[in-house]
Amino acid sequence: MLDNKEFLDGVWKKYSDYSKNKTNDKFYTKHYYKNTEGNRIIRSLAMVMLVVTFGFGVTYAGTYIYEKIWKQPETYSSEEVRQITPNDVDESLTKDEAINIARKITENLGKNFGNVVRAEMNKIDIYDLNWYIDTDTKISVSIDAKTGKLKQISDWGIDDTKIESKVSKDEAERIAKQIYNELGYKDGEYELASLKKNALTDDTNLWGADFCKKYDGIYNIYQCVRITFIPEIKQLTIYTLFDDEFENNPIIISKEQAIETAKNKAISMRPEGIIESIDAKLDIRKMNAFVYSQEQSIIERDNNIISNTITIQNTDDNQVYVTNETVRKVWVVEIVYKSDLFADKNSYFVDCTTGEIIGGDSVK
């Protein structure tokens with residue numbers, strides 16, 4: 001079957017051929033080029049149809065319907081979320097494989113790995129299964145249990161409080177970039193998104209720097225190289241990698257559309273709330289089940305009220321909703337409610353492409 005372009009090209013070619021040969025082609029002259037009023041009308045209608053067809057083709061090509069990406073959460077108990085299953089074990093690195101990878105990473109950084117004092121697999125949530133290895137040289141390494149990718153390596157063998165803090169922020173930035181390059185990263189691969197002194201204690205001189213990838217002017221906190229270091233001795237103490245897949249979805253939904261979507265959701269979930277302010281900003285966030293879980297709580301509450309239940313007995317405090325941890329560009333719509341007692345703010349993550357609410361969070 002011919003597509004729009006092929007069809008149009010064929011029509012134009014025939015029209016062009018007939019126009020060029022109309023005086024020489026007896027068949028054309030006899031059957032097509034009688035300059036009657038009827039033929040003029042027919043040719044005019046044909047041209048109109050051609051233009052309309054062409055216009056339709058452009059409109060069709062320029063309009064793309066994006067598939068919805070929100071995934072209905074599954075329900076787990078808090079124990080199930082952290083339970084290591086036989087399937088997890090089958091798909092993961094063995095203890096010896098994990099130790100060998102940790103040793104190689106440590107030695108590549110010029111540090112002494114030493115002897116292993118702990119090596120265990122631990123599951124923080126459904127999507128976060130890691131091997132944790134500690135050594136007698138105060139090295140701690142965590143790696144993805146299935147892929148072997150580094151998550152974090154820490155060197156606790158240096159007491160930074162014994163080193164006088166005397167480096168300026170400009171000098172700390174220069175040293176942070178030097179360490180970044182020494183780790184094998186190229187200039188421009190990541191950008192310096194954050195640099196600050198860690199205010200853990202008054203006598204600390206640890207600095208932290210985040211180098212993140214950037215899309216449409218937004219730093220992606222899920223694709224970052226984070227280093228903690230002592231600039232006076234150019235010593236790396238903690239090296240953390242964030243390397244989630246990112247779909248880099250296009251920005252189709254406007255800020256105003258996102259605000260309207262979030263506002264409607266907020267009113268439906270909290271009709272008694274008095275909204276004090278609404279604002280939105282572009283950001284990169286991970287899909288989560290926050291809004292969905294809030295909706296389920298409202299449904300359970302209403303069902304218990306309808307059934308004249310005095311106390312909510314059906315709500316399981318250990319119930320956890322889990323959805324895909326897809327990373328997308330979103331509008332983070334912040335809704336602040338009027339309150340005399342405390343700050344009360346809900347955030348809704350409105351997908352920039354599909355307009356769906358794919359998560360959120362709350363601050364009180």
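1. The buried residues of helix H7 (residues 169–182) pack against E6, E7, strand E8 (218–230) and strand E9 (235–243), where contact means heavy atoms within 4.5 Å, and helices (H or I, at least four residues) and strands (E, at least two) are DSSP runs numbered from the N terminus. The residues concerned are Ala 172, Ile 175, Ala 176, Ile 179 and Tyr 180, which cover an arc of only 145° around the axis and therefore sit on the same side of H7; the arc is that of the directions from the helix axis to the C-beta atoms. Buried here means under 20% relative accessible area, exposed over 50%, and partly exposed in between (1.4 Å probe, protein chains only).

2. This is a predicted model, in which local features need pLDDT of at least 70 and side-chain atom pairs count only at pLDDT 80 or more, whereas totals for chains, interfaces and linings use all residues. Residues are numbered from 1 along each chain as its sequence is written, and side-chain values use heavy atoms, with hydrogens and water left out.

3. As to helix geometry, H7 has 14 residues and reaches 20 Å from its first C-alpha to its last, close to the 20 Å expected at 1.5 Å a residue, the expected span being 1.5 Å times one less than the number of residues. H7 is followed by Gly 184, whose phi is positive, near 100°.

4. Helix H8 (residues 255–269) has 15 residues, which should span 21 Å, and the end C-alpha atoms are 21 Å apart, which agrees. The buried residues of H8 are Ala 258, Ala 262, Ala 266 and Met 269, and they cover an arc of only 65° around the axis, so they lie on the same side of H8. An α-helix has 3.6 residues a turn, so residues three or four places apart point the same way. Glu 256 and Ser 268 are exposed residues on the face of H8 turned away from its buried side.

5. Thr 323, in the loop between strand E11 (319–322) and E12, is buried, with a relative accessible area of 6%. A polar atom of the Thr 323 side chain lies 2.7 Å from the backbone oxygen of Lys 71. Leaving aside neighbours within four places in sequence, the contacts of Thr 323 include Trp 70, Pro 73, Tyr 127 and Met 287.

6. The structure holds 22 salt bridges, each defined as a side-chain nitrogen of Lys or Arg within 4 Å of a carboxyl oxygen of Asp or Glu. Which residue does the side chain of Arg 328 meet in a salt bridge? The partner is Asp 351, at 2.8 Å, N to O; Arg 328 lies in strand E12 (residues 327–337) and Asp 351 in strand E13 (residues 345–351), so the pair ties together parts that are 23 residues apart in sequence. Arg 328 is buried at 5% relative accessible area, and Asp 351 is buried at 0%.

7. Lys 146 and Glu 91 also form a salt bridge through their side chains (3.0 Å, N to O), linking distant parts of the chain, with Lys 146 in the loop between strand E4 (139–144) and strand E5 (150–155) and Glu 91 in helix H5 (residues 86–91), 55 residues apart. Lys 146 is partly exposed, with a relative accessible area of 39%, and Glu 91 is likewise partly exposed, at 43%. Salt bridges that share partners join Asp 88, Glu 91, Lys 123 and Lys 146 into one network.

Terms used. A polar contact is a pair of N or O atoms within 3.5 Å; within protein, one must be able to donate a hydrogen and the other to accept it, and residues adjacent in sequence count only if both atoms are side-chain atoms.
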